[in-house]
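Hi,

Here is the structure I promised to pass on to you.

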Amino acid sequence: MSVSPQKAVVFDLGKVLLDFDYSILVHRMAPRSRMSEAELNQLLNQAPLLLRYETGALSTPEFFDEVQSASGFNGSIEEFTAFFADIFTPIEPMIALHAQLRSRGVPTYIFSNTNDIAIVHIRRTFAFFADFDGYVLSYEHSAMKPDAPLYAVVEGITGLREADLLYIDDRQENITAGVARGWNAILHQEPATTEAAMRATGLLG
Ligand SMILES: [Mg+2]
């Protein structure tokens, strides 16, 4: 068995452990709104409004109020959160890879730009999500990847720095910011290549 220098693995959530598809949300909202699906996608997906929500600048009711006034969506906040929650599907090979790490006693952490509606739903729906040592969620820290303060939160919560951390994320700018701090990193593209890269570290035995 090779000895790995890494002492914990830090997982991005979206497009690494869970896929998401905003078109599901906008397709359901459009008939109840005065906006087209394209306009709703512009409003909700990676737009300034979502950024404010995911940095914790807006509470869930405040976010919903802004969505409603911009789009004319005529449903309740409960309907909206149900629509929003349905955008996620598990990426099973990556969830299995995480389970392998856990079975070997490797500490693991979630590190995500996300929001309260998503996390409440994910906690309720996906059992694997309970099995991490800690969670660094953008909206709880008023900061987002790739900004340095959120990476400092990871170092604080794990008590680890630099090459003690192995970080997996699908976005190059997020990986670059981790590598700049001396973290080891895998740019996630396909489960098979990420698993091979993980195996090369020795963490899987
Ligand atoms: Mg991601």
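Strands S1 and S4 (residues 108–112) run parallel and are joined by 3 bridges. Strands here are DSSP runs (E, at least two residues), helices are DSSP runs too (H or I, at least four residues), and both are numbered from the N terminus. Two strands count as paired if DSSP finds at least two bridges between them.

Before you go further, two notes on the model. It is a predicted one, so local features need pLDDT of at least 70 and side-chain atom pairs count only at pLDDT 80 or more, while totals for chains, interfaces and linings use all residues. Residues are numbered from 1 along each chain as its sequence is written.

Back to S1 (residues 8–11). S1 also runs parallel to S6 (residues 165–169), with 4 bridges between them. Find Val9: its bridge partner in S4 is Thr108, and in S6 it stands opposite Leu166. Is S1 buried or exposed on its two faces? Ala8 and Val10 on one side are buried, and so are Val9 and Phe11 on the other. "Buried" means 20 or more other C-beta atoms within 10 Å of the residue's own, with C-beta atoms placed from the backbone.

**The core**

The largest nonpolar core has 46 residues, and the ones touching the most other members are Val10, Phe11, Tyr109, Phe111, Val136 and Tyr167. It takes at least three residues from each of domain 1 (8–19 + 88–201) and domain 2 (22–85). A nonpolar core is a set of buried Ala, Val, Leu, Ile, Met, Phe, Trp, Tyr and Cys residues joined through C-beta atoms within 7 Å. Leaving out residues up to four places away in sequence, Tyr167 touches Val10, Ile175, Gly178, Trp183, Asn184 and Ala185. Touching, or contact, means C-beta atoms, placed from the backbone, within 7 Å.

**The two domains**

The domain bounds come from an automatic or database domain assignment. The centres of domain 1 and domain 2, taken over C-alpha atoms, are 26 Å apart. Where they meet, 13 residues of domain 1 are in contact with 8 residues of domain 2. On the domain 1 side, helix H7 (residues 116–125) gives the most, with 3 residues.

**One residue to look up**

Met94 sits in helix H6 (residues 92–103). Why does Met94 count as buried? Because 22 other C-beta atoms lie within 10 Å.

Cheers

Note on methods. Two residues are in contact if their C-beta atoms, placed from the backbone, lie within 7 Å. A residue is buried if 20 or more other C-beta atoms lie within 10 Å of its own, exposed if 12 or fewer, and partly exposed in between; C-beta atoms are placed from the backbone.
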